[in-house]
Amino acid sequence: MWRSLFRQFLVKGYGVARDELAFVRTFGSDDTPGRGSFRSPTSICMDRDDHIVVADSDHHRIVVARRDGTFARTFGSQGAALGRFNSPCGVCVNTAGLIIVAD
């Protein structure tokens, strides 16, 4: 159920919510493979600097945005070589600040 609600909530971009789950804002756009777009986002987390880290599955990359939703950086592309992804499905940040990707 959570996964379904998460996807519906993110249809028009990512929503950032406070502890009480009140809506704060959306950011990003659908599909177009640019800096601020997402296609099939599958996982989201925050790093220790309050950046939002997103596994963007169909674009085969990881997107990092600032807390206010502005683009910070992206890494990865489609492929089998080191640093490339084939539909990353999960992302988290460990205590050392390293981004870990499930691909």
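**Entry 1: β5 and β6**

I looked up the pairing of strand β5 (residues 41-46) with β6 and found an antiparallel arrangement over 5 bridges. I take strands (E, at least two residues) and helices (H or I, at least four) as DSSP runs, numbered from the N terminus. Two strands pair if DSSP finds at least two bridges between them. This is a predicted model: local features need pLDDT of at least 70, side-chain atom pairs count only at pLDDT 80 or more, and totals for chains, interfaces and linings use all residues. Residues are numbered from 1 along each chain as its sequence is written, and side-chain values use heavy atoms, with hydrogens and water left out.

I noted two facing positions in this pair. Ser-43 stands opposite Ala-55 in β6, and Cys-45 has Val-53 of β6 as its bridge partner. The two strands form a hairpin with 5 residues between them. In its turn, Asp-50 has a positive phi of about 65 degrees.

**Entry 2: the sheet**

I then traced the sheet around this pair. It is an open sheet of 4 strands in the order β5-β6-β7-β8, with antiparallel pairing. β5 and β8 (71-75) stand at the edges with a single partner strand each, so one side of each has no neighbour in the sheet. The twist averages 20 degrees from one strand to the next; axes are lines fitted to C-alpha atoms, for helices over the stretch in contact, and angles run from 0 to 180 degrees between N-to-C directions.

**Entry 3: β6 itself**

How many residues of β6 are buried? I found 5 of the 5 buried, so β6 is largely enclosed by the rest of the structure. Buried means under 20% relative accessible area, exposed over 50%, and partly exposed in between (1.4 Å probe, protein chains only). Ile-52, Val-54 and Asp-56 point one way from the strand, while Val-53 and Ala-55 point the other way. In a regular strand the side chains alternate between the two faces of the sheet.

**Entry 4: from β6 to β7**

β6 and β7 run antiparallel and are joined by 5 bridges. Asp-56 stands opposite Arg-61 in β7. The hairpin of β6 and β7 has 4 residues between the strands.

I checked Ser-57, which lies in the loop between β6 (52-56) and β7 (61-65). Is Ser-57 buried or exposed? Ser-57 counts as buried because its relative accessibility is 8%. Apart from neighbours within four places in sequence, Ser-57 is in contact (heavy atoms within 4.5 Å) with Arg-39, Ser-40, Thr-42, Ser-87 and Pro-88.

His-60 is in the loop between β6 and β7. It is buried, with a relative accessible area of 10%. His-60 has a positive phi of about 55 degrees although it is not a glycine.

**Entry 5: Ser-40**

I followed one of the contacts of Ser-57 back to Ser-40. Ser-40 lies in the loop between β4 (37-38) and β5. Its phi is near 60 degrees, a positive value in a residue other than glycine. Most residues other than glycine have a negative phi. Ser-40 is partly exposed, with a relative accessible area of 30%.

**Entry 6: the chain as a whole**

I ended with the totals. The protein chain has 1 helix and 10 strands, and from the N terminus its elements run α-β-β-β-β-β-β-β-β-β-β. Of its 103 residues, 33% count as buried. Among contacts with a separation of 6 or more, residues 24 or more positions apart account for 30%.
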